[in-house]
Amino acid sequence: MRTAGVSGLVGLLSAACSLALDFDGPLLDARPGVDSATNTMPTIDALPRRPDAAPDLNEPNDSPAASATPIAMGSLSGRIDPAEDVDYFRFTLAAPAHVTIVLKYHWLDGDIDVELLDTKYKRLTQGVGLETDDEVIEWDLADSGDYFIKVFSYQMIFTNGYTVQLTIL
Ligand SMILES: [Ca+2]
Ligand SMILES: [Ca+2]
C-alpha cells in the first residue's frame, strides 16, 4: 500500500511537471530579440535600429513636472532612444472628459509602452500589450487639471520611434 501510494504520488508529480514544462504552446513572454532557446537577450547594440531614425524634437521631456511636451487633440511623433529614455507629454482638461490615447509603433522594432498619469503623476492605467503594434488607452477623467502621458520601452531595453495620438471627448 505504502509503495503504491508513493508511486501514485510520483505519477501525479510527473504529470504536473510535464504540464509545467510543455513548451509547445506560444511563449507568453516572447519579446523581440529574445533567443527562445536560451531565453537570453542580445546586447542593446545588436537590437534592430532604423538607420534613418530622426532625432526626437520633443527632447528634453524626461520629467513630467519640469519638461513634459504639451499635447492637445491630435498627434505628436517621438522616439525612445537611448533605451533608458522616457518621454512625458502633458495635456490640460478644463472639464471632465473621456480620453483616448493611441501609441502607434512597430512592435518588431522594439516593444514600447504607454501610461496615463493623473495630476499628481500617479499612474491611472497603462497600455502594455504583447506582440501588438499599437497600444490603446481609454479612460474617463473626472477632474480638470494637467494629466500626463508617459512613453517608455519595456524594461528600458529597446529603442523605437512612435506617434502618440490624443483624443479628448
Ligand atoms: Ca524621446
Ligand atoms: Ca525623453
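The model is predicted, so local features need pLDDT of at least 70 and side-chain atom pairs count only at pLDDT 80 or more, while totals for chains, interfaces and linings use all residues. Residues are numbered from 1 along each chain as its sequence is written, and chains are lettered from A and ligands numbered from 1 in the order in which they are written. The protein chain has two helices and nine strands; both kinds of element are DSSP runs numbered from the N terminus, with helices being H or I over at least four residues and strands being E over at least two.

**Confidence**

- pLDDT is the predictor's confidence in each residue, on a scale from 0 to 100.
- The average pLDDT of the protein chain is 83, and 70% of the residues score at least 70.
- Over residues 1-19, pLDDT stays under 50, and the model has zero contacts there beyond four places in sequence.
- Two residues are in contact if their C-beta atoms, placed from the backbone, lie within 7 Å.
- Where pLDDT is low, the predicted coordinates should not be read in detail.

**Overall layout**

- Reading from the N terminus, the elements run α-α-β-β-β-β-β-β-β-β-β.
- Of the contacts with a separation of 6 or more, 70% are between residues 24 or more positions apart.
- Buried residues make up 20% of the 169 residues in the protein chain.
- A residue is buried if 20 or more other C-beta atoms lie within 10 Å of its own, exposed if 12 or fewer, and partly exposed in between, with C-beta atoms placed from the backbone.

**The nonpolar core**

- A nonpolar core is a set of buried Ala, Val, Leu, Ile, Met, Phe, Trp, Tyr and Cys residues joined through C-beta atoms within 7 Å.
- The largest such core has 20 residues, and those with the most contacts inside it are Phe89, Leu103, Phe148, Ile149, Val151 and Val164.
- Two or more residues of this core come from each of β3 (86-93), β4 (97-104), β5 (112-117), β8 (145-153) and β9 (160-168).
- Strand β8 gives the largest share of this core, with four residues.
- Not counting residues up to four places away in sequence, Ile149 touches Ile71, Phe89, Ile101, Val114, Leu116 and Val164.
- In soluble globular proteins, nonpolar side chains tend to be buried together.

**The five-stranded sheet**

- Five strands form an open sheet in the order β1-β3-β8-β5-β6, with mixed pairing.
- Because β1 (69-70) and β6 (123-127) stand at the edges with a single partner strand each, one side of each is left without a neighbour in the sheet.
- Two strands pair if DSSP finds at least two bridges between them.
- Strands β3 and β8 run antiparallel and are joined by eight bridges; Phe91 has Tyr147 in β8 as its bridge partner.

**A closer look at Asp146**

- Asp146 sits in strand β8 and is partly exposed, with 17 other C-beta atoms within 10 Å.
- Leaving aside neighbours within four places in sequence, Asp146 is in contact with Arg90, Thr92 and Thr119.
- Asp146 and Lys120 are 26 residues apart in sequence and 8.7 Å apart in space, C-alpha to C-alpha.

**Backbone spots to look for**

- A cis peptide bond joins Glu59 and Pro60, with omega about -5°; Pro60 is found in the loop between α1 (2-20) and α2 (64-67).
- Another cis peptide bond joins Asp81 and Pro82, with omega about 5°; Pro82 is in the loop between β2 (74-80) and β3.
- Tyr121 is not a glycine, yet has a positive phi of about 70°.
- The hairpin of β5 and β6, with five residues between the strands, holds Tyr121, which counts as partly exposed with 15 C-beta neighbours inside 10 Å.
- Glu131 also has a positive phi, near 55°, and lies in the loop between β6 and β7 (134-141).
- With 13 other C-beta atoms within 10 Å, Glu131 is partly exposed.
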